[in-house]
Amino acid sequence: MEITMELRKFVAPEIITGVDARLMVGRYITHFAAAKPMIVTDKNLRTFQWFQDTMEEVGKYVHDCIVFDDVTANPREYEVMKGAELFLAEKCDLIIAIGGGSPIDCAKGISIVSSNGGYILEYEGVDEINLPGPPLICIPTTAGASADVSQFAIINDSVNHLKKAIISKKVVPDLALIDPVPLMTMDPYLTACTGMDAMTHAIEAYVSNANSYLSDVRALDAIRLINENIIKASQENHDLYTIYLMMLGSLEAGLAFSNASLGAVHAMAHSLGGLLDLPHGECNSILLEHIVNVNFEFSVERYTLIAKQMGLDVENANQEDIKLALLNWIRTLRKKLQIAGYAFVDTLNDEILDKLSEGALADPCLVTNPKLLTMKEVRAIYEKILRRREK
Ligand SMILES: [Fe+2]
């Protein structure tokens with residue numbers, strides 16, 4: 001495999017992996033010399049025993065803490081602004097994000113605004129943040145988003161229904177506590193969708209124009225780990241070890257994409273999820289096979305190695321057969337995970353297709369896709385994957 005000698009950087013937070021890693025949170029409150037943390041989380045998580053155990057641990061180290069749980073899936077700009085206002089009013093000095101990508105991205109937004117002021121959507125784009133935020137500890141509860149290790153924060157602009165990507169070293173958390181215990185309470189469909197999000201991170205990072213040796217190693221291992229464990233992890237009777245392997249796969253995929261960036265699947269999924277408020281992992285799962293199809297000939301060697309990591313027998317196969325085998329396996333995986341091949345919408349017209357395509361073309365993730373996609377090509381893919389919902 002060709003290794004680039006162009007300049008590349010690799011950024012990662014401090015990471016602790018293992019069973020009950022979340023309970024290290026108390027010790028790190030002391031390390032950061034914090035007196036009043038703000039917990040940013042999802043309302044649905046607060047009833048679980050593992051959540052209460054975590055809060056108990058926090059309580060051993062501080063007398064006072066604020067919980068902010070006004071966060072929806074695909075976090076909105078006004079949720080970030082509300083959280084930042086509360087953080088400053090309560091004079092908090094540390095953020096602990098507990099949840100999937102949505103609460104963690106919201107926490108990152110709160111961190112940016114609380115130290116830099118202004119309006120969160122002003123920070124859209126690459127390296128637009130000046131000051132670092134307060135320390136941020138993340139306890140992820142899904143094996144997919146990897147916001148707990150990444151330089152990305154995705155915030156939904158609720159006025160224009162567009163997801164805005166904020167990419168900066170300043171949003172890399174200080175500490176990620178990678179613990180499989182919280183994931184044991186996760187719904188199997190959510191496990192499947194978030195797992196496919198992680199798989200997409202690894203594939204897009206590996207074929208990205210900004211790949212590097214350090215991101216390649218992580219991306220390839222992530223593809224293998226996720227491929228071997230995603231089906232078992234998405235079953236009702238999943239076990240802790242399988243979930244842990246999925247978390248490691250997702251972690252490695254997160255480190256890879258945080259540094260190598262993503263591609264057309266994410267550019268199109270951000271636009272789709274933003275306009276129609278659909279789950280991120282579902283959008284990626286639907287789009288992945290279509291993007292691999294158009295990208296394949298622009299990165300044949302790398303897609304062949306991806307196929308090998310997925311255990312496909314492509315040793316003596318020609319280019320077309322390798323592509324078909326890879327597409328077939330990605331489709332099979334999606335079907336085995338019971339994720340639909342289409343996104344269903346109430347209204348399907350030219351205006352929606354144009355808006356979706358314009359959003360994807362403006363997304364920074366499109367820049368690192370191996371093939372430079374045109375508006376026409378992006379629109380054609382949206383036409384393929386959208387279906388009008390029957391009333
Ligand atoms: Fe993603």
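How many helices and strands does the secondary structure of the protein come to? The secondary structure comprises 13 helices and 11 strands, where helices (H or I, at least four residues) and strands (E, at least two) are DSSP runs numbered from the N terminus. The radius of gyration is 20 Å, close to the 21 Å that the globule rule gives for 391 residues, so the protein is as compact as a globular protein of that length; the radius is taken over C-alpha atoms, and the rule is 2.2 Å times the number of residues to the power 0.38. This is a predicted model, in which local features need pLDDT of at least 70 and side-chain atom pairs count only at pLDDT 80 or more, while totals for chains, interfaces and linings use all residues. Residues are numbered from 1 along each chain as its sequence is written, and side-chain values use heavy atoms, with hydrogens and water left out.

**Overall fold**

- Along its principal axes, the C-alpha trace of the protein spans about 65 × 50 × 45 Å.
- Buried residues make up 59% of the 391 residues, where buried means under 20% relative accessible area, exposed over 50% and partly exposed in between (1.4 Å probe, protein chains only).
- Of the contacts with a separation of 6 or more, 79% are accounted for by residues 24 or more positions apart, a contact being heavy atoms within 4.5 Å.

**Iron site**

- The protein donors of the iron ion are Asp 197 (OD), His 201 (NE2), His 266 (NE2) and His 280 (NE2), lying 2.2 Å from it; donors are N, O and S atoms within 2.8 Å of the metal (3.2 Å for Na, K and Ca), and water is not among the atoms, so sites may look incomplete.
- The arrangement is irregular because the four donor atoms subtend angles of 83 to 170°; four donors count as tetrahedral if all angles lie between 85 and 135 degrees, four count as square planar and six as octahedral if opposite donors are over 155 degrees apart and all others between 65 and 115, and anything else is irregular.
- Along the chain, the donors follow the spacing D-x3-H-x64-H-x13-H.
- Helix H5 (residues 188-207) holds both Asp 197 and His 201, four residues apart, about one turn of the helix, and both of these residues are buried.

**Parallel sheet**

- Six strands form an open sheet in the order E1-E9-E6-E4-E2-E3 with parallel pairing, two strands being paired if DSSP finds at least two bridges between them.
- The edge strands, each pairing on one side only, are E1 (14-17) and E3 (66-68), and the twist averages 20° from one strand to the next.
- Strand E9 (residues 175-178) pairs with E1 in the parallel sense over four bridges, with Ile 16 opposite Leu 177 and Thr 17 opposite Ile 178.
- E9 also runs parallel to E6, joined by two bridges, and here Cys 138 stands opposite Ala 176.

**Helix H7 and Ser 258**

- Helix H7 (residues 240-260) lies across E1, E6 (136-140) and E9, running at about 165° to E1; axes are lines fitted to C-alpha atoms, for helices over the stretch in contact, and angles run from 0 to 180 degrees between N-to-C directions.
- Ser 258 is found in H7 and is buried, with a relative accessible area of 5%.
- Not counting residues up to four places away in sequence, Ser 258 touches Val 11, Val 149, Ser 150, Gln 151 and Phe 152.
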